[in-house]
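Take a look at the strands and the chain contacts while you read.

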Protein chains: 2
Amino acid sequence: MTRVSRRRLLGTGALAAAGAAAGAAAAAPSAAARTAPASSASSADVVVVGAGLAGLTAARDLVAAGRSVIVLEARDRPGGRVYGLPLADGTTTEGGAEFIGPTQDRIAALARDMGVETFRTYNTGKNVYFRNGKRSLYETDGILGAVPPDWGVIDLQIALLRLGEMIKTVPVGEPWKAPKAAEWDAQTFHTWSRSNSLSSGARFLMDAFASSTLSVRSQEVSLLYVLHYAAAAGNESTPGTIDRLINTRNGAQESRFAGGPELVPNRLAERLGGIVRYNAPVRSIVTGSGGVTVHADGLTVSARRVVVAMSPAIAGKIDYSPALPASRAQLMQRYPMGSIAKFVGVYDTPFWREDGLTGQAVADSGAIDATFDNSPPDGSRGILMGFINQANIRRLDGAPEAEVRAAGLASFTKLFGDKAANPRMTAVQRWDNEMWSGGGPTGVAPPGALTAFGPALREPCGPIHWAGTETSDYWTGYMDGAVRSGERVAKEVDAAL
Amino acid sequence: MTRVSRRRLLGTGALAAAGAAAGAAAAAPSAAARTAPASSASSADVVVVGAGLAGLTAARDLVAAGRSVIVLEARDRPGGRVYGLPLADGTTTEGGAEFIGPTQDRIAALARDMGVETFRTYNTGKNVYFRNGKRSLYETDGILGAVPPDWGVIDLQIALLRLGEMIKTVPVGEPWKAPKAAEWDAQTFHTWSRSNSLSSGARFLMDAFASSTLSVRSQEVSLLYVLHYAAAAGNESTPGTIDRLINTRNGAQESRFAGGPELVPNRLAERLGGIVRYNAPVRSIVTGSGGVTVHADGLTVSARRVVVAMSPAIAGKIDYSPALPASRAQLMQRYPMGSIAKFVGVYDTPFWREDGLTGQAVADSGAIDATFDNSPPDGSRGILMGFINQANIRRLDGAPEAEVRAAGLASFTKLFGDKAANPRMTAVQRWDNEMWSGGGPTGVAPPGALTAFGPALREPCGPIHWAGTETSDYWTGYMDGAVRSGERVAKEVDAAL
């Protein structure tokens, strides 16, 4: 399971062969196994539930370690929250996870292995700041570089300095061990931001920070969780910072994937081959003396270990027998998904670039509160992407697509002018309506959850192991965290087998 | 569905007959239907999921209205969170919901209908207050009558006066409409209590208030939720107050049920007869053009409407197809159950009474943080009941019963002296380990949930209706709220059919 063996395996195509053999008890590949039809009962060393980046990475490493693996995926596609949103002309644009930035080493390595290249997010020019009915432009990077009126700038900078000092004291992966964990987990981020700023401008931007990074209102989330989210925006040699979280340049939004990020899970799933079973939502996991039995629609798999590679909230929808330990069961009740939708408009050209704009905006009103330039690398057409904010998505969750389109284009026009009013086409991805995600981009911890239940995020329950970006130390909530969690859980399971 | 028709029905035994007919499409009872064996596919006007007080009450009223009903219950017993905990000698004691008090009219009426009598909770003498290693006694009623050292008394009284004023402004059943809902839902109760008291005594008792009424730490719960919980401690003619919530005399702990509260759901389920199907956990609810299909283990029922009479968190474990509206789906991720266990010691006599004690105590340390006298009405033996506090239940969830017993008896001895050390027998009920409850006594709202998702608590999703004490206006979290929710949902469904 070293990187060498993984590379060798991926290079020779043995992975797919090993995968096809997982239905048989033996791990050695055979021509017969490769052509065997999908059966309704199988066995493997390990069942992985969920073919997102976490589950696929875990499967890859376990197969590389010589284990037989079956991956059960509820959807008809791999990738989970990484998704190429179809456009009317047959192309796709990023409908889910999208960016990659510095210190995100593990998703970078995986993308390289899969032959997926990255390119810089368009970031030349000024950003738009819309607040209190007034549109202005600013040059600094990231949403927190937006300029609140008058002394709010200083107010915000002081609050950010305080947050920065607090973040340094939060142990990555174990925020409940921070010296002030109890105090910080007892309050919402909203409470802290109100106690530590006085200007409406600073308060607005701190709310926008919570909204744009976590897709929750600042009321919903523990201060400790927010601090840890920033502490996790780094790697083993580079401490996490708020700047790296929110910035485009040198930050988490620095680059995108040529051809779309979904190429990474798609290609990995392809290499894993027949061991990935689609349209197989897992309904129950039964632990017995000899291991586990995993019941999916149309398929039952016996295994020695199971990896549940899903967010805690969605993992909580599976029936576990016997019941999980209470700390895990109650954790899954206390880790809700953010609320998120992405709206895109496709234009003949990225016209905002000619106006000296990056395509990035922050707004306090309208359906969309943050935007990015999602155009293809060569700028051959222009794609604006906007996040639909928390207040509006509640109203638009059930709205017909025409209503979402009208609301989205009204926002785009307000932010980027009349040229935004008539796109060639639009599309929307409402993650809250996705049964197998239940929201996005990530599960978040309300006050009190991390200090009382945090260790249950990763702690195995007998033969049941947990993965998913929520369980990662670094870059939790991001693609990089998903890959890290898959690599961590594969080591954990391999050692336990 | 008037009270007259209900009484008539319950008086004649027609309820059971109507129930037995529910398997057939016709509502009229027949001898054949009455003796038909349980089949694997049935149909009814309405399926009720959950045979707790809410579900049984809904079924009772719908049957009384001439509807055919099938109740599907996951456990092998009715009652849900109302449960007679078995003791070694074959008797039972209250293992779950226990008390009844003034303004709890609906559970009172139901108990009367079922022939279950109530009696006063033993409340003569002094209460024990254990804090900072020191045991003292106090005479006032309820945990907030405990005497913190020095000026903490005044500090607490001022905080309670403030809370009382705030509570008056919260509309019962619709806390999100309170004038200051946004502000109060943006913070935890812990944040408010720290901002509005300075003494450690007042702060301790406010935490004890959250812990003893909601079984959560004050960090976990929205201030708005706590205010509403108190506002709901009344009825249409009597506004709710904190005093009524926490007091024994004139409060929610005033009386108990002779023979145990489980007699109420047990007798109601008995009268409903064969329409209540046990060991039938519902796995999925499929909405089609003609109604719903409810899939339980071993049984599938087609119906025009379904009532899900469970807490939001546990209702969220069912698979809904098509997916529920996002606001409901996300609400179910944001309404975790409290953490609760009950430990009882049974003694030859209620010895604490001879010492001039009520048997009620509040403590800041040890496994148990609050106690009550759970002896039978005639005092023929003594039963002490203690709630295991939030910090300890995490450690004791998975502990062997002997360890729980040792921890519980250590607490009892500290509070009531050496006579407590040697009970005739003990028992423990750990609700967090109960798969079909997932904690107790009730689901609670973390910050941000009520203002963004509150209306989804009750709003039907097509033919799917919601009941359970969490959906009640008055006495949410209590048996009375469960009954009220069943009565409300039955009207709602009957009107929709």
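Predicted model: local features only at pLDDT ≥ 70, side-chain atom pairs only at ≥ 80, totals over all residues.

Strand β17 (residues 382-388) of chain A is largely enclosed by the rest of the structure, because seven of its seven residues are buried (buried means under 20% relative accessible area, with a 1.4 Å probe and protein chains only). Residues are numbered from 1 along each chain as its sequence is written, chains are lettered from A and ligands numbered from 1 in written order, and side-chain values use heavy atoms, leaving out hydrogens and water.

**The covered strand in chain A**
- In a regular strand, side chains alternate between the two faces of the sheet.
- Both faces of β17(A) are covered: A:G382, A:L384, A:G386 and A:I388 are buried on one side, and A:I383, A:M385 and A:F387 on the other.
- β17(A) pairs antiparallel with strand β14 (residues 341-347) of chain A over seven bridges (pairing takes at least two DSSP bridges between two strands), and there A:V346 sits opposite A:I383.
- Strand β16 (residues 368-373) of chain A is also an antiparallel partner of β17(A), over five bridges, with A:I368 opposite A:I388.

**Where chains A and B meet**
- Contact (heavy atoms within 4.5 Å) links 42 residues of chain B with 41 residues of chain A.
- The two chains bury about 3200 Å² between them, 47% of it on carbon and sulfur atoms; that area is the accessible area (1.4 Å probe) lost on putting the two parts together, summed over both.
- The rule finds four salt bridges across this interface, each a side-chain nitrogen of Lys or Arg within 4 Å of a carboxyl oxygen of Asp or Glu.
- A:R283 and B:D319 meet through their side chains in a salt bridge, at 2.9 Å from N to O.

**Hairpins in chain B**
- Strand β11 (residues 282-288) of chain B runs antiparallel to strand β12 (residues 291-296) of chain B, joined by six bridges, and B:I285 has B:V294 as its bridge partner.
- These two, β11(B) and β12(B), form a hairpin with two residues between them.
- Five bridges then join β12(B) to the antiparallel strand β13 (residues 299-309) of chain B, where B:H295 partners B:T300.
- β12(B) and β13(B) form a hairpin with two residues between them, and B:G298 in the turn has a positive phi of about 80°.

Methods. Buried < 20%, exposed > 50% of the residue type's maximum accessible area, 1.4 Å probe, protein only. Helix = DSSP H or I, 4+ residues; strand = E, 2+ residues; numbered from the N terminus.
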